[in-house]
Amino acid sequence: MRTRMVHGGWKLGEPPIASGVAEVVRSEHPVFPEQAKLFGLFHFQKYEYFDSSYSHWGDFRILHNEQGIPWTAYLSAAGLNGKTAFYGLKALAHPQPREKIFVTTGAGSVGLVVCQPCTSWGLSVLASTDTDEKAEYLRSLGISAFNYRTASTSHELEKFGGVDIY
């Protein structure tokens, strides 16, 4: 959304558009039945209307949610933030037990999704964040954390003993 604000991706007077989860209230489309939950780009408004001339039907994905997770999770840990974290870790970093990882913005929407599986996979995790409260929350999850506004990052990395993954 920040990119759209900076680069003029919105028209003045129109509601912003972003990823969202929506419920089909009424449908004449064979693929999208009533009460289906959809993931896609929607305007920030209560109802969105698409007629037969709409050309981006393929951009919507029906969410089935057999796990019963909150629908909002598809906008965070089960959505783009989770995919960014998981693919970055598994496809690029290939973390192994006993490795050390440093996560900047460890309490952020992607950082939290990076930190938590790493601890369960046997990695040592050091995370930075911007407040003492967030650092304390990370520590409550078993993550070594510090406030980068009040602590020296180089000193904290030295105390941590270096890193294998950044």
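A residue counts as buried when its relative accessible area is under 20%, as exposed when that area is over 50%, and as partly exposed in between. This scale applies here to a predicted model. With a relative accessible area of 24%, Y54 is therefore partly exposed. W57, at 21%, is likewise partly exposed, whereas F60, at 8%, is buried.

These residues belong to an aromatic cluster in which ring pairs link F32, F42, F50, Y54, W57 and F60. The structure has 13 aromatic pairs. In one of them, the ring centres of Y54 and W57 are 5.3 Å apart and the planes meet at 80°, so the arrangement is edge-to-face. Y54 also pairs with F60, but in a stacked arrangement, with 6.0 Å from centre to centre and 25° between the planes.

The chain is divided into domain 1, residues 17-74, and domain 2, residues 80-160. The centres of the two domains, taken over C-alpha atoms, are separated by 33 Å.

The largest nonpolar core comprises 16 residues, and I101, V103, V114, C118 and V125 have the most contacts inside it. Two or more residues each are supplied by helix 2 (80-93), strand 4 (100-103), helix 3 (111-120), strand 5 (124-129) and helix 4 (132-140). Helix 3 provides the largest share, four residues. Beyond its neighbours within four places in sequence, C118 is in contact with L89, I101, L123 and V125. A second, separate core of six residues includes F32, A36, L38 and F42.

Charged groups also lie over aromatic rings. K90 is placed over the face of W121, 4.5 Å from the ring centre, and the charged end of K100 sits over the ring of F160, 5.3 Å from its centre.

Methods. Residues are numbered from 1 along each chain as its sequence is written. This is a predicted model: local features need pLDDT of at least 70, side-chain atom pairs count only at pLDDT 80 or more; totals for chains, interfaces and linings use all residues. Side-chain values use heavy atoms; hydrogens and water are left out. A nonpolar core is a set of buried Ala, Val, Leu, Ile, Met, Phe, Trp, Tyr and Cys residues joined through side-chain atoms within 4.5 Å. Buried means under 20% relative accessible area, exposed over 50%, partly exposed in between (1.4 Å probe, protein chains only). Contact means heavy atoms within 4.5 Å. Domain bounds come from an automatic or database domain assignment. Rings of Phe, Tyr and Trp (its six-membered ring) pair if their centres lie within 6.5 Å; planes under 30 degrees apart count as stacked, over 60 as edge-to-face and the rest as tilted. A charge sits over a ring if NZ of Lys or CZ of Arg is within 6 Å of the ring centre and within 35 degrees of the ring normal.
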